[in-house]
Structures are given as C-alpha cells and as structure tokens.
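Subject: The structure for you to look at

Hi,

Here is the structure I said I would pass on. Have a look at it first, and then read my notes below.

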Amino acid sequence: MLTLASKLKRDDGVRGPRTSTPASDSTRRVSVRDKLLVKEVAELEANLPCTCKVNFPDPNKLHYFQLTVIPDEGYYQGGKFQFEIEVPDAYNMVPPKVKCLTRIWHPNITEMGEICLSLLREHSIDGTGWAPTRTLKDVVWGLNSLFTDLLNFDDPLNIEAAEHHLRDKVSQWFI
C-alpha cells in the first residue's frame, strides 16, 4: 500500500534534496495528523480484527477511509456494515468523525448513521471519551465491539431499537 511516508520519500528522490527557500518548505510541510496516521495505519493493518476490513479509496489520503464490519456472532451475525471514518486536522486532540453508512436497526446507531460510542466523544464526564493517547486501532475495535460485547440496550441512542429488542429478542435486526 502506498502511504504518505513512502510518497514523501519518493517525491524527495524525484525533486532532489530540500532547499531552504520558504516556498519549498511550505509545500513540503507535513501535518502532525498525517505523520501520526502513517504510523497508526500500519499498526491498524497489523492488528485488525478478523471481522473487519479497511479500504482507503485514495492511499494518499490516510485521513479518510472506510471500514467494513462483518460480525461472526450475536444478533448481527452474517451482516455487513459499512462505516466512513474521517480524521480531522486537529487529530489526535479530537476524535475521528465516524458515520455508519449501512442502514441498521441498532440501539447504539441511529437510522441516520450517528454512533453512540464513548471513545468517539470529545468530552466525557466519566473519563471514557476521547484522549490523545487513543488511536485508530481503538476506534476500529470499538466499532467492531458494537456488534458483540458493547451492544448497549440500557443507555441507547436509538431508543426505539432498544425497546424493540426488549419486547422481541428474536426479531430480525436488519432494515
């Protein structure tokens, strides 16, 4: 996979050594986010849950990717759920923006794709929200867990889905 780091290395070879002119420095500057993402994407790909797949539509834009979760157990076993993950410029001080692209009847995901996952909250009273020490790997594992052990019917974002589950535990959950 072509990463931002390999692209920068390759571009250095094509253009020659850096000069100290202000114009070349401003065009060559790499953001803290992009430097972190090169490292985190490599770690993520090495530690991806077996039920997940990542796709980078543009390998030169590591700040935008898609995640597919295919649960192998629980209520959602056999489903295929797509997420869009966008990492903002202020990363790692703020969490990535995540949206579920698959329409799903889930207590922690609205029909519009909003997700209730504590580590995606920028501010959290209980201390389980986003922290600069968290990584993309934590986000992917958290999203994967929404279909198994983090399935929360007691504090739902989608109240109707949670109530439906409590009424009819054998119902079909795919929309």
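The protein chain has 5 helices and 4 strands; helices (H or I, at least four residues) and strands (E, at least two) are DSSP runs, numbered from the N terminus. Along the sequence the pattern goes α-α-α-β-β-β-β-α-α.

Before you go on: this is a predicted model, in which local features need pLDDT of at least 70 and side-chain atom pairs count only at pLDDT 80 or more, while totals for chains, interfaces and linings use all residues. Residues are numbered from 1 along each chain as its sequence is written, and side-chain values use heavy atoms, with hydrogens and water left out.

Some totals for the chain. Of its 175 residues, 38% are buried; buried means under 20% relative accessible area, exposed means over 50%, and partly exposed is in between (1.4 Å probe, protein chains only). The chain exposes about 10,100 Å², and carbon and sulfur atoms supply 53% of that (areas come from the Shrake-Rupley method with a 1.4 Å probe; for residues, only the protein chains shown count as cover). Take the contacts (heavy atoms within 4.5 Å) with a separation of 6 or more: 53% of them are between residues 24 or more positions apart.

Now the sheet. It is an open one of 4 strands in the order β1-β2-β3-β4, and the pairing is antiparallel; two strands pair if DSSP finds at least two bridges between them. At the edges sit β1 (52-55) and β4 (97-100), each pairing on one side only. On average, neighbouring strands are turned by 20 degrees against each other, direction ignored (axes are lines fitted to C-alpha atoms, for helices over the stretch in contact, and angles run from 0 to 180 degrees between N-to-C directions).

You can trace the pairs on screen. β1 and β2 are joined by 4 bridges, and Cys52 stands opposite Val69 in β2. Between β2 (residues 64-69) and β3 (residues 81-86) there are 6 bridges. Here Tyr64 faces Glu86 in β3, and Thr68 stands opposite Gln82 in β3.

What packs on this sheet? Helix α4 (residues 136-145) does, touching β1, β2, β3 and β4, and its direction makes about 35 degrees with that of β2. Most of α4 is covered, with 7 of its 10 residues buried. Leu136, Val139, Val140 and Leu143 are among them. The cover over the buried residues of α4 includes α3 (32-46) as well as β1, β2, β3 and β4.

There are two loops to visit too. In the loop between β3 and β4 you will find Asn92, and a cis peptide bond joins Tyr91 and Asn92, with omega about 20 degrees. For background, most peptide bonds are trans.

The other loop, between β4 and α4, holds Cys116. The UniProt annotation "active site", from an unreviewed entry, covers Cys116; such positions are given in the numbering used here, feature names are shortened, and annotations may be inferred rather than shown by experiment. Is Cys116 buried or partly exposed? Its relative accessible area is 24%, so Cys116 counts as partly exposed. Neighbours within four places in sequence aside, Cys116 is in contact with Asn108, Leu146 and Leu157.

Cheers
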